[in-house]
Amino acid sequence: MDERNFTYMFLGFAAAWAALAAYVVFLGAREGKLRRQLENLRRMVENREK
Amino acid sequence: MREKLLYGLALAGGLLLVRNLYVILLGFENEASQGAIYRIIFFHVPCWFICFSAYALAGGSSILYLWKRKTIFDDLAVSAVEVGVVFTAIGLLTGSIWGRIIWGIWWTWGPRLTWAFICLLIYLGYLMLRRAIEDPTERAKNSAVLCIFAFTSVVITYKAIDWWRTQHPGAVLSFRTGGGNIEPAWEYMLLFNFLALALLSAPIVMIRMRQEKTQREIDGLRRRTHEL
């Protein structure tokens with residue numbers, strides 16, 4: 001197997017997976033942030049309504 | 001039930017991708033002129049299938065939003081566009097790495113590559129437009145119109161290899177050429193990888209749609225706290 005070609009092939013696969021993984025991590029972080037915001041606002045509304 | 005479906009789809013997609021990777025790396029011989037690098041097409045081409053499908057889904061949802069005015073269609077459009085943008089970026093990245101070996105350059109301003117880049121910029125513009133408009137109804141309406149027009153860039157990108165002479169390789173898949181341009185085993189692998197990536201993308205779109213719904217709930221609660 002051509003070593004140089006193999007390195008670039010590996011680079012291509014790694015770049016694709018890294019980009020997809022980065023997006024999934026970003027999505028997870030946004031999910032956590034939204035849930036925290038929602039909980040805080042629900043608490044705030046409950047407190048103000050009391 | 002919904003959570004189980006999400007995990008089930010992601011698991012099926014992940015397992016199929018691992019199986020495909022095993023066959024691509026160990027089951028296939030090196031290509032005579034390209035060596036090992038040709039294997040990138042098994043991810044590059046399915047990535048473009050995914051982003052084109054995602055943009056088509058977003059365009060269809062935008063039409064449905066303008067017709068029915070139901071927020072679920074707006075949620076689906078933005079979720080599909082976001083996934084499409086990620087796969088467009090991956091498609092450009094993997095293509096660029098392949099081009100570095102085969103053409104000796106990372107990038108060329110040929111019609112196919114240029115239109116693919118324009119396509120990415122237009123959909124990034126769509127996502128930026130959504131952030132710029134505060135009113136939810138206005139945001140959904142304006143972005144739906146942009147999303148429908150943006151799909152023309154997808155069609156031009158797809159047809160660029162037929163319409164212009166370009167450095168990018170021509171069509172190889174049977175449904176475009178009538179067959180004979182690619183080894184059947186490679187074509188099956190491209191389709192299997194498309195299936196695997198589609199199985200992985202579906203839960204991502206569903207999670208992203210759920211986030212849009214949560215964001216609307218947050219906006220509603222914010223308005224309520226201001227009123228109280």
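Lys4(B) counts as exposed because it has 8 C-beta neighbours inside 10 Å, where a residue is called buried if 20 or more other C-beta atoms lie within 10 Å of its own, exposed if 12 or fewer, and partly exposed in between, with C-beta atoms placed from the backbone. The model is predicted, and for that reason local features need pLDDT of at least 70 and side-chain atom pairs count only at pLDDT 80 or more, while totals for chains, interfaces and linings use all residues. Residues are numbered from 1 along each chain as its sequence is written, and chains are lettered from A and ligands numbered from 1 in the order in which they are written.

**Overall build of chain B**

- Chain B has seven helices and zero strands, the elements being DSSP runs numbered from the N terminus (helices are H or I with at least four residues, strands are E with at least two).
- The C-alpha trace of chain B spans about 70 × 40 × 30 Å along its principal axes, and buried residues make up 34% of its 228 residues.
- Of the contacts in chain B between residues at least 6 apart in sequence, 77% join residues at least 24 apart, a contact being a pair whose C-beta atoms, placed from the backbone, lie within 7 Å.

- Lys4(B) has its place in helix H1 of chain B, and its C-alpha atom is separated by 37 Å from that of Ile97(B), 93 residues apart along the chain.
- The 26 residues of H1(B) should span 38 Å at 1.5 Å a residue, and this agrees with its end C-alpha atoms, which are 36 Å apart; the expected span is 1.5 Å times one less than the number of residues.
- Gly13(B), Leu17(B), Asn20(B) and Ile24(B) are buried in H1(B), and what covers the buried residues of this helix includes H2 and H7 of chain B.
- H2(B), with 28 residues, reaches 40 Å from its first C-alpha to its last, close to the 40 Å expected at 1.5 Å a residue, and is followed by Arg69(B), whose phi is positive, near 60 degrees.

**The largest nonpolar core**

- The largest nonpolar core has 56 residues, and those with the most contacts inside it are Ala54(B), Tyr55(B), Ala77(B) and Val81(B); such a core is a set of buried Ala, Val, Leu, Ile, Met, Phe, Trp, Tyr and Cys residues joined through C-beta atoms within 7 Å.
- The largest share of this core, 15 residues, comes from H3(B).
- Tyr55(B) is in contact with Val81(B), Gly84(B), Tyr123(B), Phe151(B) and Val154(B), leaving aside its neighbours within four places in sequence.

**Helix H3 of chain B and its surroundings**

- H3(B) and H4(B) pack at an angle of about 145 degrees with their axes 10 Å apart, where axes are lines fitted to C-alpha atoms, for helices over the stretch in contact, and angles run from 0 to 180 degrees between N-to-C directions.
- By class, the contact of H3(B) with H4(B) has 13 nonpolar, two polar and two charged residues; Ala, Val, Leu, Ile, Met, Phe, Trp, Tyr, Cys and Pro count as nonpolar, Asp, Glu, Lys and Arg as charged, and the others, Gly among them, as polar.
- Ser96(B), whose place is in helix H3 of chain B, counts as partly exposed because it has 18 C-beta neighbours inside 10 Å.
- Ser96(B) touches Trp106(B) and Trp107(B), not counting residues up to four places away in sequence.

Technical notes
Two residues are in contact if their C-beta atoms, placed from the backbone, lie within 7 Å.
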